[in-house]
Amino acid sequence: MDIEHCKVIFEHYGGMMRTKELEQEKIYYLNIQQLIESGHVDKVRYGYYQWVNPDGFSEVSTVSRLFPDGIFCMETALRYYGYSDRTPGQWNLAVSKDSGKSRFKIDYPFVKPYYIEPAVLELGLTEGKKLKGYALEEFVADLLRAMGYRCTVSQQGGDSGIDITAYPAQAAGAPALRHSNEFCRS
């Protein structure tokens, strides 16, 4: 078995392959076991194998491939939008409450699923290069709501750059907090 040929095949599939794809490429069980023993391939979970490449390793592509229906949220979304320089200790994913629970029980990468009603799961969803996440304004508004504020998110344009208006829930006449992308990015 030619290691370089196998590496090229794995790269064609984004560094991760399923058993079915390996068989289509004529890389069979014995070959896979040899690649694992030699340290070239890791078994990520049942039926998923990843080429070991310490220089070009990206957990983003691993998580995206393992959980294509997952939507980045919480600290993972903050990191994605550049509002945090801390790499989360786990990947926070919003998924349908109807998703199978056992698929998240893997050793690596560390994944924390948040089970959401399917009807509201994709509200405010945006698509990135390899990622799915919630629109920044909706995400920040949700964080403020969790902190006890009442929030409104404005429509695109015509709002003088104000994206979110938040009021303390307990004080009716209290001054509003305002969020705009320009203010947060400076």
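This is a predicted model: local features need pLDDT of at least 70, side-chain atom pairs count only at pLDDT 80 or more; totals for chains, interfaces and linings use all residues.
User: OK, helix α3. Which of its residues are buried?

Analyst: In α3 (residues 29-37) those are Asn31, Ile32 and Leu35. Buried means under 20% relative accessible area, exposed over 50%, and partly exposed in between, with a 1.4 Å probe and protein chains only. Helices are DSSP runs of H or I with at least four residues, strands are runs of E with at least two, and both are numbered from the N terminus.

User: Where do those buried residues sit around the axis of α3?

Analyst: They fall within an arc of 100° seen down the axis, so they line one face of the helix. The arc is taken from the directions from the helix axis to the C-beta atoms. In general, an α-helix has 3.6 residues a turn, so residues three or four places apart point the same way.

User: What do the buried residues of α3 pack against?

Analyst: They pack against α1 (3-12), α2 (19-24), β2 (41-45) and β3 (48-51). Contact here means heavy atoms within 4.5 Å.

User: Which exposed residues are on the face turned away?

Analyst: Tyr29, Leu30 and Glu37. Just after α3, Gly39 takes a positive phi of about 85°.

User: Switching to β3. Which strands pair with β3, and in what sense?

Analyst: β1 (residues 16-18) pairs with β3 in the antiparallel sense over three bridges, and β2 pairs with β3, also antiparallel, over four bridges. Two strands pair if DSSP finds at least two bridges between them.

User: How many residues are between β2 and β3 in the hairpin?

Analyst: Two, and Gly47 in that turn has a positive phi of about 85°.

User: Which way do the residues of β3 point?

Analyst: Tyr48 and Gln50 point one way, Tyr49 and Trp51 the other, and all are buried.

User: New topic: how many salt bridges are there?

Analyst: Two, counting a side-chain nitrogen of Lys or Arg within 4 Å of a carboxyl oxygen of Asp or Glu. One joins Arg103 and Asp69 at 2.6 Å, N to O. Arg103 is in the loop between β5 (91-96) and β6 (111-116) and Asp69 in the loop between α4 (59-66) and β4 (71-72), so the pair ties together parts 34 residues apart in sequence.

User: And what does Lys97 bridge to?

Analyst: Glu117, with the closest N and O atoms 3.9 Å apart. Lys97 is partly exposed at 38% relative accessible area, and Glu117 is partly exposed at 43%.

User: How many disulfides turn up?

Analyst: Zero in the whole structure, where a disulfide is a pair of cysteine sulfur atoms within 2.5 Å. Cys6 is buried at 4% relative accessibility, and Cys73 is buried at 6%.

User: Last one: where is Ala169?

Analyst: Ala169 is in the loop between β10 (164-168) and β11 (177-179), and counts as partly exposed at 46% relative accessibility. Leaving aside neighbours within four places in sequence, Ala169 contacts Gly148, Tyr149 and Arg150.

Note on methods: Residues are numbered from 1 along each chain as its sequence is written. Side-chain values use heavy atoms; hydrogens and water are left out.
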